[in-house]
Amino acid sequence: MADKKDAVQMEQLWTNARLATMADDGLGLIENGVVAANAGRIVYAGPAESAPAVAATITDCQGRLVTPGLIDCHTHLVHGGNRANEWAMRLEGATYEEIARAGGGIVSTMRATREASKADLVASALPRLDALIAEGVTTIEIKSGYGLSTEDELKMLRAARALADHRAVRVEPTFLGAHALPPEYQGDSDAYIDLVCGEMIPAAAPLANAVDAFCEGIGFSPAQCARVIEAAKAHGLSIKLHAEQLSALHGSALAARHGALSADHLEHATEDDVRAMAAADTVAVLLPGAYYFMRETKLPPVDAMRRHGTRIALATDNNPGTSPTTSLLLMLNMGATLFGLTIIEALRGVTVNAAAALGLGAEVGTIEPGKACDLAIWNVSEPAELVYHIGFNPLHQRIKDGQ
């Protein structure tokens, strides 16, 4: 380390670490690395021989792997109720349509969400959030989309923001009013989109950082989603889009044309969609939990994403109907085993690329000077171990803003 007499004292040092900074095109590995922080920001990240030597608190990482705090960039964490009984019905042969006709599906979650108070929604979301935090997650995106009325969508966004008052985590709220058609608008989806664009988005703008929509045959058409996007842009909100999960409507290309942060799911994306996303630097957020839970067989075009240089992120898609998982570590393994991602692609998918999918690349996602000191310290030395394990959590310590 640098000579103590010449060093400026840091508040905190983490020494003897194997740093995976994610600061280059790979993992940015630094052997015998040191991280220094003041006031919750990284001041130094690099080899020990050039590091500050004096700090109020020095933590010896004992050779452990240190990564940026993990980022779950696509969740529906706040919602009422669950749909375990519907899943059991599907196992016994019931179709999605049969369940929906019986009052299930998104309408079931909508009903439970509308009946819940903001406090109820916070209380039910906290265990799910705690499970993600326990795996090293320091930043999480949370969508609305189960209220499907102005009052209830705002309630969901307020509940999402309130979670950050209960836990040391960065919450990025996203408005997803165009998620499904509520029963009171059945048969008139354009009228509902009028409500989303004319009333919901202006009301949600102070509470949300981004706007999302479900561009799908069972959701909303590309033309309707384009209206949502234009309304979001008029209110200064970033864009995300559920696209190409079940069919090729080219929502991902639509998202790219509008400079969206991300397009998510993408199993049915075409080469042209992927090319457009790469040109716009729209991140491809892959959701292997939903792919697995829904027993899908159409793989997202990962090879095309590689060819065109489309950035890939991974997320849990935590939701009660199609991906009831609270393990981002499991998504690392699923991304590799189901979608064929490499170790580097998987780990960048829950750090630097996930940050880009939320428009937070200047703030989190890598271990670099100037960024928030969000770290995950693991009881492993090899990065591959984080992707290799199934159902095992090797987290040693999670650091959020230096704490």
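Ring pairs link Tyr 185, Tyr 192 and Phe 220 into a cluster, where two rings of Phe, Tyr or Trp (for Trp the six-membered ring) count as a pair if their centres lie within 6.5 Å, with planes under 30 degrees apart called stacked, over 60 edge-to-face and the rest tilted. The model is a predicted one, in which local features need pLDDT of at least 70 and side-chain atom pairs count only at pLDDT 80 or more, while totals for chains, interfaces and linings use all residues. Residues are numbered from 1 along each chain as its sequence is written, and side-chain values use heavy atoms, with hydrogens and water left out.

**Aromatic pairs**

The structure holds four aromatic pairs. One of them joins Trp 87 and Phe 293 in a stacked arrangement, 5.7 Å centre to centre with 20° between the planes. This pair links distant parts of the chain, since Trp 87 belongs to helix H1 (residues 84-91) and Phe 293 to helix H10 (residues 288-293), 206 residues apart; helices (H or I, at least four residues) and strands (E, at least two) are DSSP runs, numbered from the N terminus. Trp 87 is partly exposed because its relative accessibility is 38%, whereas Phe 293, at a relative accessible area of 19%, is buried; here buried means under 20% relative accessible area, exposed over 50% and partly exposed in between, for a 1.4 Å probe and protein chains only.

The rings of Tyr 192 and Phe 220 have centres 6.1 Å apart and planes at 25°, so this pair is stacked as well. Tyr 192 lies in helix H6 (residues 189-204) and Phe 220 in the loop between strand E9 (210-215) and helix H7 (222-234), 28 residues apart, and the pair thus links distant parts of the chain. Tyr 192 counts as buried because its relative accessibility is 0%, and Phe 220 is buried at a relative accessible area of 1%.

Helix H10 also contains Pro 288, which is buried with a relative accessible area of 0%. Pro 288 and Cys 373 are 85 residues apart in sequence, and their C-alpha atoms are 29 Å apart in space.

**Parallel strands**

| Strands | Bridges and direction |
|---|---|
| E10 (residues 238-243) and E11 | four bridges, parallel |
| E11 (residues 262-265) and E12 | three bridges, parallel |
| E12 and E13 (residues 312-314) | three bridges, parallel |

Between E10 and E11, the bridge partner of Lys 240 is Ser 262, and the chain crosses from E10 through helix H8 (residues 251-257) to E11 in a right-handed β-α-β crossover. A crossover is called right-handed if, with the strands pointing away from the viewer, the path from the first strand over the helix to the second runs clockwise. In E12, Ala 284 is the bridge partner of Ala 263, and the chain passes from E11 through helix H9 (residues 271-280) to E12, again as a right-handed β-α-β crossover. On the E13 side, Val 285 stands opposite Ala 313. Both faces of strand E12 (residues 283-286) are covered, with Val 283 and Val 285 buried on one side and Ala 284 and Leu 286 buried on the other.

**Pocket and cavity**

Rolling a probe the size of a water molecule over the atoms shows where empty space is left. On a 1 Å grid over the protein atoms alone, a cavity is a set of points where a 1.4 Å probe fits but cannot get out, a pocket is an open set with protein on both sides within 12 Å along at least five of seven lines, and lining residues have an atom within 4 Å of a point. Grid points are joined across faces, edges and corners, and a volume is the space filled by probe spheres set on the points.

The largest pocket has a volume of about 790 Å³. Of the 31 residues that line this pocket, Tyr 96, Ile 106, Ala 180, Phe 214 and Ile 218 are the closest to its centre. Helix H2 (96-101) and helix H3 (106-115) each supply at least two lining residues, and the largest share, four residues, comes from H2. The lining divides into 12 nonpolar, 14 polar and five charged residues, where Ala, Val, Leu, Ile, Met, Phe, Trp, Tyr, Cys and Pro count as nonpolar, Asp, Glu, Lys and Arg as charged, and the others, Gly among them, as polar.

The count comes to one cavity of 30 Å³ or more. About 30 Å³ of space lies in the largest cavity, whose lining residues include Met 22, Thr 67, Leu 70 and Trp 378.

How values were computed: Two strands pair if DSSP finds at least two bridges between them.
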